[in-house]
Amino acid sequence: MLSCIIINAIIKPINQSTAMKKLILVFFVLSSVFTFSQEKRFEITGQLIAEDTQQPLESATIYLERIKDSAVVSYTISDKLGKFKLEETTYADSLNFYVSFVGYATYLKKLEIDKEKIDLETITMQLDNKLDEVYIESTAPITIKKDTLEFNVKSFKTKKDASVEDLLKQLPGVEVDDEGNITVNGKSVNQILVNGKPFFGNDPTITTKNLTKDIIDKIQVVDTKTKAEAFTGEEGDKENKTINLTIKEENNKGIFGRVAAGGGTDDRYEFAGMLNYFNNDRRISVLAGGNNTNSPGFSFGEISKMFGRGGGISFNSNGSFSVGGRSFGGGAGITTSKNAGVNYADQIGNNTEISSDYFYASSSSENETSSQKETILVDSRFFSNSISRSENDTESHSYNLDFEIETDSTFLINIEPSFRYSQNRTLFNSDDETLDQDLVLTNASEVNSNVESYAREFNNQLTATKRFGNRGAFVRFQLDNSVSQQERDDFVRSTTEIFGDNPETIIRDQFTDGENNSYGVSTQFRYRYPIIAKKLFTDIRYRYDIDKSKNKQSTFDFNELAQDFTDFNLDLSTDFEYKDTQSIPEIGVTYRGEKWSTWFRLGYNIRTLENQDLLRPEFNVERTFKNFQARYNFNYRFSAKANVYLGYRLTNTPPGIRQLQAFEDVSNPLNVVIGNPNLSPSNRHRFYGGYSGFDWQKRTGFYTNFNASVENNQVIAKTTVDPETLRRTTTYENVDGNYNYGVSANYSKDIKIDTLKTFKFRFGARYNFGNRINFNNDVKYSSKVTTISPSVGVEFLWDKVLEFKPYYRLSLTDNSFDIDAFEDIEFTTHSAGLRTATFLPKKLEWRNDISFNYNPNVADGFQKSSWFWNSTITYTIMKDKGLLSLKVYDLLNQNTNARRVATQDFIQDSQSTVLRQYFMLSFSFKFNSLGSKGKTDDLNVIYFD
């Protein structure tokens, strides 16, 4: 109640602030006029030559700093001819001009900005021989090494309390989307480290949203590698990047963190806290959070991070949600969650590093879903309507350890065990009905279930790597093992009615006691022999996997006399013992050059699937499959600014064991499933490639990629529908002719108007085509789906004043079929939005996130369009340590998740419970006792008058 009173008190004067708005507008205009009248525009050009080779220096960093405070004014990177051009505006009469390149002394010259064009002609970079050096406090904003891109954090302007995510958004070539996903020069970032060590596992969003810029010294970007790959000097994953955040030693001791809490209308609340203790190599972090706003709870909500919309959240089929791959419980609908975690990292002695984390998560969610579905058959169609309700409670504990033991400079051992325990309870009920094409009710069902499940998991990976000499030879052994125990108690009461000439009513009141236990071991051996030292290698690999599982589902019908579930139901019970064995010898060759690299691997997979049905021995299955598998990759680096990659992969996927079993699954009376023991494995040929380029001088980026695949013997479901009862019978069959291809491209351009104002343009487009073979009531057909998705975004950034970011996305989809029974389908969706931020007056920040979605194809009765507006006002207090925030979720009260799904044989419209409008007042407080920022490393600099 108190928070509601405060909210109303704040909202009222905001509505009376017309005069203030006019004053701010006049201020903006006057500021613009003053800015343009005082700044001087200039252009600096030149060429860099190496002293020792007399060749042009490519990828050197050229930058300007203000003399009075060493603030970076502008920077660029030299091209392949060693040429550079700096275009900028400044108030200063003179600036310090720097050139930095690894292995050469930093060049420094004081430049008088007394004319518009300044030609420095040829600059000879001298070797770093530490003669006649002068030590100064300066570092380049960007440093490009062979495999590493490094950003100097102090060179990039952000707000005072900026998070790492806010910082990343300011870096050239780095993009962060609404969900917190990061790309660098068009390539995805799948790992973030702090001083080379994981921070709370492999969830990048915990790091980027909760660590602040003020503790970071540098940001390093490299190709993603495992620890073993880094130890042997192998090339990493060229399609993914790792970001390493470095903290200087003198700024790596102390305690820092943040706490936040808020309350709002409709009893909405949230709280979050994080405490970090850093002592050089030792790190201890504790975090906790909770809310009923569909947010993970591990990010602070003073701006837009706790809106519960996006933020890296994905909902799982079991009702839990995950962030960055880590499950936090919850579900679609309205979720209340509580979470806590501890992370520990340290170095023991000189040879051992350890990191570990523990997480606890609990959640409770409620959801209601309604859907309408039209299923198209060769000679008819039918309609289904469904309403379902669910309540889900989840609790989980997870613990991860990581040991890295380097016994000497040639031998590395990695041990990574993990443990997990979870329990879940779901109450579910649904009402479904099916109507024929004349809208006559054909069947109906009602289901009520109460499910409790428990799961225990243990996984471990042991890797040992031994290097030989300095030519690149090594041997590696890896052992993976996993143990899983799952228990499930399922109470179900259902009524199924079939109408027509032969009406039938099926009533089930049952209890199922389920157990699913599994055990797996995987061993891998690899030996690399250098044919040409550090360039040409041959690889010999062998892998052996064995996975065993026991799945037992015992179903009992309710006995009226005993008033208990005592009657064993054989038809609905299973007792399987499953074994999957693989033996894969493989040989490969790798070449690594200065500009290009390539590798090829060829393997032979001998795979045996065995299944024993202890209840129905006649359905026992044992199949052996033998197939080649292959991989090829090619990378070419044009320069530090651009590269291209190509790849090919041949994979084989055996049919699932349940797909092979001829056992008749009647657990759903309206959809009977029967396996096919004659299925063959599918073969998939995948081709992919891409180009990535960023021009540092023009601030333009262009990224494109393509992919294509052809799949033979693909296993698909084949369903026939009884025309009288609309009961479905599903089996499986192999088909040829499935293929798809697609291409996407993105272009970005930054235009700096002056020292304060910047325009950013983003253009993207994606094209996909797929051909899929399927069956409809025993009639084979193909569907062709074409999707085109262009997008455009513009950003206007006025430093410390304004951000204005409109965007628009369009999706065009065409489904065509080669049989007359199906009508071709076309549908279009539109989404547009505007994100704004104002930073005046000082200490006050106002952010808005407005989106519009329009789906004209949604069926009547479902919402076709919606506006979604989130707004937040924050005010900094307590010497920038405290922050008051008022946020409004769904200001227009139009939030919806109505969606349409169209496939080759059905169209479905659905809508479920969503979080509705609320107001929330929050307060956050941050603290920091880390050592004061130390001076930057001394540089060997040669000063030129």
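Analyst: Strand S36 (residues 671-674) and strand S40 (residues 728-735) pair in the parallel sense, over three bridges. Strands are DSSP runs of E with at least two residues, helices are runs of H or I with at least four, and both are numbered from the N terminus; two strands count as paired if DSSP finds at least two bridges between them. This is a predicted model, in which local features need pLDDT of at least 70 and side-chain atom pairs count only at pLDDT 80 or more, while totals for chains, interfaces and linings use all residues. Residues are numbered from 1 along each chain as its sequence is written, and side-chain values use heavy atoms, with hydrogens and water left out.

Within this pair, Val673 stands opposite Thr730 of S40. Both strands belong to an open sheet of four strands with mixed pairing, in the order S35-S36-S40-S39. At its edges are strand S35 (664-665) and strand S39 (714-721), each of which pairs on one side only. Strands of a sheet pair through backbone hydrogen bonds, either parallel or antiparallel.

The wider chain gives the setting. Its secondary structure comes to six helices and 52 strands. Of its 945 residues, 47% count as buried, a term for under 20% relative accessible area, with exposed meaning over 50% and partly exposed in between (1.4 Å probe, protein chains only). Among contacts (heavy atoms within 4.5 Å) between residues at least 6 apart in sequence, 64% join residues at least 24 apart.

The interior can be described through its cores. A nonpolar core is a set of buried Ala, Val, Leu, Ile, Met, Phe, Trp, Tyr and Cys residues joined through side-chain atoms within 4.5 Å. The largest one has 43 residues, and those with the most contacts inside it are Ile142, Phe151, Leu168, Ile219 and Ile243. Leaving aside neighbours within four places in sequence, Ile243 touches residues including Leu168, Ile182, Val184 and Ile219. Apart from this core lies another, of 23 residues, among them Leu57, Phe84, Tyr104 and Leu111.

Leu48, in strand S1 (residues 40-50), is buried, with a relative accessible area of 0%. Beyond four places in sequence, its contacts include Leu57, Ser78, Phe84 and Ile123. Leu48 and Ser78 are 30 residues apart in sequence, and their C-alpha atoms are 7.8 Å apart in space. Asn776, in strand S42 (residues 757-776), is also buried, with a relative accessible area of 3%. With neighbours within four places left aside, Asn776 is in contact with Ile376, Leu377, Val378, Tyr781, Phe822 and Asp905.

Charged side chains form further links. A salt bridge is a side-chain nitrogen of Lys or Arg within 4 Å of a carboxyl oxygen of Asp or Glu, and the count comes to 37. One of them joins Lys117 and Glu43 at 3.9 Å, N to O. This pair links distant parts of the chain, with Lys117 in strand S7 (residues 117-125) and Glu43 in strand S1, 74 residues apart. Lys117 is exposed, at 57% relative accessibility, whereas Glu43 is buried, at 17%.

Another salt bridge joins Glu175 and Arg762 at 2.9 Å, N to O. Glu175 lies in strand S10 (residues 174-176) and Arg762 in strand S42, so the pair ties together parts that are 587 residues apart in sequence. Glu175 is partly exposed, with a relative accessible area of 30%, and Arg762 is buried, with 18%.

Asp402 forms a salt bridge with Lys227, the closest N and O atoms being 2.6 Å apart. Asp402 is in strand S24 and Lys227 in helix H5 (residues 227-232), so this pair ties together parts that are 175 residues apart in sequence. Asp402 counts as buried at 10% relative accessibility, while Lys227 is partly exposed at 28%. Elsewhere, Glu234, Arg476, Arg526, Arg528 and Asp539 are linked in a network of salt bridges.

Finally, the surface. The accessible surface of the chain comes to about 45000 Å², of which 53% belongs to carbon and sulfur atoms; such areas come from the Shrake-Rupley method with a 1.4 Å probe, and for residues only the protein chains shown count as cover. Ile255, Leu275, Tyr277, Ile284, Val286, Val342, Tyr358, Tyr399 and Phe419 form a nonpolar patch, with about 680 Å² of accessible area together. The elements that give two or more residues to this patch are strand S17 (269-279) and strand S18 (282-291). Patches are made of residues with over 30% relative accessible area and no salt bridge, like charges being joined within 9 Å and nonpolar side chains (Val, Leu, Ile, Met, Phe, Trp, Tyr) within 5 Å. Tyr399, in strand S24 (residues 381-408), counts as partly exposed at 31% relative accessibility.
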